[in-house]
Amino acid sequence: MAAATDAATGDATTATTTVLVGVDYSEHSYHALEEAARLAAARFPPGAAEVVAVHARRPLAPAFVAIGAVAAVMSVEAAEQRAVEKLIGEKAGQLSSQYKVEVKVEVKDGEAKRVRCDAVGEHGAGLLVVGSHGYGPVLRALLGSVSDHCCRHASCPVMVVKMP
């Protein structure tokens, strides 16, 4: 983090560093969020860093659902999404209080890997933190890996956090 000078006033200014964290419903992502908050609090002076937790919301009502069931499926999925978003918000609030660092939550529609990499650019993030489920090579090949994708495509350093 470098100090800069405000061109209009000549006063020294300090840039805020954004630590972006991909979160979902898993304990792995909550652990990554906590590590990001801990890192921001330890590495930067108060107010010099913010943590932004980004949750990628999947599209509601998959195309293969029968037309008659769409409303019911959408209602259940929407309730599930609201519950997940509430949990993420509560966790962010707890960590903000615990580590004395600002933790914001954003919810965006789309695939987790793309949402996270796009959010890095939108925020000018200095670091992207992602959790790892610890899948082996076979499951990673079958399911794909959000952390692998982010390591290859994010425009900033990426820290992959494993559960202890």
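**Close-up views of a predicted model**

View 1. Ser26 counts as buried, because its relative accessibility is 8% and the cut-off for buried is under 20%. The model shown here, as in every view below, is predicted. Ser26 sits in the loop that links β3 (17-23) to α1. Its side chain has a polar partner: a polar contact of 2.7 Å joins Ser26 to the side chain of Asp24. Asp24 returns in the pocket view, as one of the residues closest to the centre of the largest pocket.

**View 2. Helix α1.** Helix α1 covers residues 27-43, which is 17 residues. From first C-alpha to last, helix α1 reaches 24 Å. That is close to the 24 Å expected at 1.5 Å a residue. Which residues of α1 are buried? They are Ser29, Tyr30, His31, Ala32, Leu33, Glu34, Ala36, Ala37 and Ala40. Glu34 gets its own view next.

**View 3. Glu34 and its partners.** Glu34 belongs to helix α1 and is among the buried residues of that helix. What does Glu34 touch, leaving aside neighbours within four places in sequence? The contacts are Lys91, Leu95, Gln98 and Tyr99. With Tyr99 there is also a polar contact, side chain to side chain, at 3.1 Å. Ser96 lies 62 residues from Glu34 along the chain, yet their C-alpha atoms are separated by 9.5 Å.

**View 4. Glu50 in strand β4.** Strand β4 spans residues 49-57 and includes Glu50. Is Glu50 buried or exposed? Glu50 is buried, because its relative accessible area is 12% and buried means under 20%. The side chain of Glu50 makes a polar contact of 3.1 Å with the side chain of Thr18. Residues up to four places away in sequence aside, Glu50 touches Thr16, Thr17, Thr18, Val19, Glu102 and Lys104.

**View 5. Lys100, an exposed loop residue.** Lys100 lies in the loop between α2 (70-99) and β5 (102-109). Lys100 counts as exposed, because its relative accessibility is 69% and the cut-off for exposed is over 50%. The backbone is worth a look here. Phi of Lys100 is near 55 degrees, a positive value in a residue other than glycine.

**View 6. The largest pocket.** The largest pocket has a volume of about 900 Å³. Its lining has 36 residues, and the closest to the pocket centre are Asp24, Ala112, Arg116, His133 and Val146. Which element gives the most to the lining? Helix α5 (residues 146-153) does, with six residues. By residue class, the lining divides into ten nonpolar, 15 polar and eleven charged.

**View 7. The whole chain, for orientation.** The chain has 164 residues, and buried residues make up 37% of them. Its secondary structure comes to five helices and seven strands. Starting at the N terminus, the elements run β-β-β-α-β-α-β-α-β-α-α-β. Among contacts in the chain with a separation of 6 or more, 71% are between residues 24 or more positions apart.

Terms used: Residues are numbered from 1 along each chain as its sequence is written. This is a predicted model: local features need pLDDT of at least 70, side-chain atom pairs count only at pLDDT 80 or more; totals for chains, interfaces and linings use all residues. Side-chain values use heavy atoms; hydrogens and water are left out. On a 1 Å grid over the protein atoms alone, a cavity is a set of points where a 1.4 Å probe fits but cannot get out, and a pocket is an open set with protein on both sides within 12 Å along at least five of seven lines; lining residues have an atom within 4 Å of a point. Grid points are joined across faces, edges and corners, and a volume is the space filled by probe spheres set on the points. Helices (H or I, at least four residues) and strands (E, at least two) are DSSP runs, numbered from the N terminus. Ala, Val, Leu, Ile, Met, Phe, Trp, Tyr, Cys and Pro count as nonpolar, Asp, Glu, Lys and Arg as charged, and the others, Gly among them, as polar. Buried means under 20% relative accessible area, exposed over 50%, partly exposed in between (1.4 Å probe, protein chains only). A polar contact is a pair of N or O atoms within 3.5 Å; within protein, one must be able to donate a hydrogen and the other to accept it, and residues adjacent in sequence count only if both atoms are side-chain atoms. Contact means heavy atoms within 4.5 Å. The expected span of a helix is 1.5 Å times one less than its number of residues.
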